[in-house]
Amino acid sequence: MAWSKESRHARGYGAEWDKLREQILQRDGYLCHCPECQGGKLRALPAHEVDHIKPKAWFRSGRAKGNPDDPRNLRAVNRDCHKRLTAVQKGHRPAVRIGVDGFPVKE
Ligand SMILES: [Zn+2]
């Protein structure tokens with residue numbers, strides 16, 4: 001593990017988050033629920049991470065209200081999809097575009 005326990009806690013990801021994360025993964029059947037996969041409707045990718053649908057930063061800034069860790073604001077996502085989602089949220093263009101066949105498109 002690259003992250004120490006302290007840094008996980010400092011980021012707000014402690015034992016409670018691990019429990020919640022497991023619940024969300026189970027609820028979502030360990031399938032990616034990003035907009036491009038939709039839990040196997042468009043593409044079936046295994047999910048091992050949990051994404052905040054509305055980013056935590058929105059709650060800190062007041063753009064979103066309520067609890068960011070509400071299960072309704074959480075979804076299981078694939079690691080690569082998560083990276084792409086995070087990049088989009090930060091305003092970067094995704095480095096890799098995924099085609100309809102589920103494979104990266106070379107541009
Ligand atoms: Zn996905």
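Predicted model: local features only at pLDDT ≥ 70, side-chain atom pairs only at ≥ 80, totals over all residues.
# Putting the terms to the test

User: Where is Y30 placed?

Analyst: Y30 is in the loop between α2 and β1 (49-52). Residues are numbered from 1 along each chain as its sequence is written, and side-chain values use heavy atoms, with hydrogens and water left out.

User: Why is Y30 called partly exposed?

Analyst: Buried means under 20% relative accessible area and exposed means over 50%, with partly exposed in between (1.4 Å probe, protein chains only). Y30 has a relative accessible area of 33%, so it counts as partly exposed. Its phi is positive, about 55 degrees, although Y30 is not a glycine.

User: What makes Q38 partly exposed?

Analyst: Q38 has 35% relative accessibility, so it is partly exposed as well. Q38 is also in the loop between α2 and β1, and its phi is positive at about 50 degrees, although Q38 is not a glycine.

User: Which elements make up the chain, and in what pattern?

Analyst: There are four helices and four strands. Along the sequence they follow the pattern α-α-β-α-β-α-β-β.

User: What makes the set with Y13 and W17 a nonpolar core?

Analyst: A nonpolar core is a set of buried Ala, Val, Leu, Ile, Met, Phe, Trp, Tyr and Cys residues joined through side-chain atoms within 4.5 Å. The largest one here has nine residues: Y13, W17, L20, I24, L25, A47, V50, L74 and A76. In soluble globular proteins, nonpolar side chains tend to be buried together.

User: How do you know that E36 and R43 form a salt bridge?

Analyst: A salt bridge is a side-chain nitrogen of Lys or Arg within 4 Å of a carboxyl oxygen of Asp or Glu. The closest N and O atoms of E36 and R43 are 3.9 Å apart, so the pair qualifies. E36 is partly exposed at 37% relative accessibility, whereas R43 is buried, with a relative accessible area of 11%. Together with R84, these two residues are linked in a network of salt bridges.

User: What makes D51 and R75 a salt bridge, and which parts of the chain does the pair link?

Analyst: Their closest N and O atoms are 3.1 Å apart, so the pair meets the cut-off. The pair links distant parts of the chain, with D51 in strand β1 and R75 in strand β2, 24 residues apart. Both D51 and R75 are buried.

User: Why does the pair of K83 and D80 count too?

Analyst: The N to O distance is 3.9 Å, so K83 and D80 form a salt bridge. Both lie in helix α4 (residues 79-89), three residues apart, about one turn of the helix. K83 and D80 are exposed. The structure holds eight salt bridges.

Note on methods: Helix = DSSP H or I, 4+ residues; strand = E, 2+ residues; numbered from the N terminus.
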